[in-house]
Amino acid sequence: MAIGEIKELPKSWAMLGGDGPESYTLNSSYQKGVVDASIEMVDDGIMEKLDLKSLGLESTNDTFRIADFGCSVGPSTFFAVENIMKAVQHKHHAQFNNSPFSGFQVFFNDVTTNDFNTLFKALHSNEKYFSAGLPGTFFGRLLPRSTLHFAHSSYCLNWLSKVPKEVLDSVSPAWNKGSIQCDGLKKEVTKAYSAQFQSDMSTFLEARAQEIVGGGLMVIITGGLPDGVLMSQAGVGMYYDLLGSCLIDMAELGVISEEQLDSFNLPLYYSSSKEIEEIIKANGNFSIERMDSLSHNIWKTSRETKIKVSVTGGRAVFQGLLEDHFGREVAEKTFENFETKLDENFSIIDGAAHEHIDHFILLKRNVN
């Protein structure tokens with residue numbers, strides 16, 4: 001294991017498993033929308049930047065290997081993978097003008113506590129490609145050297161490997177008392193979160209650099225902020241503040257202790273494109289072929305749909321975190337109160353002066 005690699009993440013980092021009404025499977029429409037919004041950029045990137053001949057993939061009998069890092073339980077991962085395969089097939093036909101290319105192997109990666117049973121139940125007997133589960137944190141090596149031709153990761157790298165210890169320390173200048181997120185209002189807190197993100201992102205890139213062949217591609221899609229915008233100024237920051245206010249209410253009622261509240265922070269960091277660019281350049285193993293932002297159709301839907309997606313999607317993502325820290329009863333009550341508060345305050349969040357952005361980053365592995 002290389003220096004800086006993370007052996008394992010907390011079990012509560014996994015999304016809500018199964019295929020029930022509250023599951024991530026049925027409540028990840030936002031994440032699916034991000035994948036849909038990226039299709040054209042992925043297609044263009046593969047057509048313009050992927051040279052199958054230099055990768056030794058001229059024959060239709062060769063195997064093109066893909067990994068989705070942070071796949072969760074589906075179904076977004078399946079759409080992402082199939083979009084990549086279609087684009088590779090088009091590229092192969094355009095470059096060699098031969099019969100359809102069909103040799104694909106796909107690795108589905110997520111933390112060891114991810115519900116891989118539900119994932120592969122949904123995949124069942126897919127004859128389009130060979131598939132394999134790849135359990136373990138992506139903040140470290142998971143595959144042999146030069147295994148992959150294409151790596152994909154969507155809405156995962158804004159999750160940190162851990163909450164910075166300084167923000168939970170009552171004697172630290174970075175103590176984040178009164179907030180459950182990095183809202184950007186206290187520079188010491190922001191510095192701690194930013195440093196953790198830089199460390200995690202660097203570790204991720206170093207691991208993928210070992211696994212991706214020279215000339216191979218990687219797409220990273222992650223939540224972020226426009227340059228110069230604070231989390232507290234964006235609608236998504238107001239969303240997390242509202243969630244935090246539900247916990248503050250319970251602390252004031254004595255349902256949870258102040259110590260429990262102060263020791264809980266979300267392991268999330270929304271970076272600017274400038275931050276990401278600097279980390280990639282410092283790593284030195286990849287060239288940046290494209291950096292852009294995606295346009296999500298969720299913002300064009302009705303108020304009711306936005307609220308539903310915000311509540312059910314939030315529960316599917318954060319239920320495990322809250323249960324692990326506060327217990328199931330508190331987690332359930334938190335989301336009940338959150339739904340009420342979100343309905344009452346949605347016009348403020350929806351009318352925020354700024355909104356977060358979904359970064360699209362296309363990288364090419366340097367040929368050493």
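Axes here are lines fitted to C-alpha atoms, for helices over the stretch in contact, and angles run from 0 to 180 degrees between N-to-C directions. The model is predicted.

**Exercise 1. Describe how α8 and α9 pack, and state the handedness of their crossing.**

Step 1. Locate the helices. Helix α8 covers residues 303-326, and helix α9 covers residues 328-350.

Step 2. Two packed helices are described by the angle between their axes and the distance between the axes. For α8 and α9 the angle is about 145 degrees, and the axes lie 9 Å apart.

Step 3. Assign the hand. The crossing of α8 and α9 is right-handed.

Step 4. Sort the residues of this contact by class. Eleven are nonpolar, four are polar and ten are charged.

**Exercise 2. Count the cavities of 30 Å³ or more, then characterise the largest cavity.**

Step 1. Count. Two cavities reach 30 Å³ or more.

Step 2. Take the volume. The largest cavity holds about 60 Å³ of space.

Step 3. List the lining. The largest cavity is lined by N176, K177, G178, S179, I180, I248, L261, D262, F264 and N265.

Step 4. Classify. The lining of the largest cavity splits into four nonpolar, four polar and two charged residues.

**Exercise 3. Which elements give two or more residues to the lining of the second largest cavity?**

Step 1. Take the volume. The second largest cavity holds about 40 Å³.

Step 2. List the lining. V35, S38, V42, A80, N83, I84 and H152 surround this space.

Step 3. Helices α1 (29-49) and α2 (76-96) each give two or more residues.

Step 4. Classify. The lining of the second largest cavity has four nonpolar and three polar residues, with no charged ones.

Key:
Residues numbered from 1 in each chain as written. Predicted model: local features only at pLDDT ≥ 70, side-chain atom pairs only at ≥ 80, totals over all residues. Heavy atoms only, no water. Helix = DSSP H or I, 4+ residues; strand = E, 2+ residues; numbered from the N terminus. Left-handed = near helix turned anticlockwise from the far one by under 90°. Nonpolar A, V, L, I, M, F, W, Y, C, P; charged D, E, K, R; others polar. 1 Å grid on protein atoms, 1.4 Å probe; cavity = no way out; pocket = protein on both sides within 12 Å on 5 of 7 lines; lining within 4 Å. Points joined across faces, edges and corners; volume = space filled by probe spheres on them.
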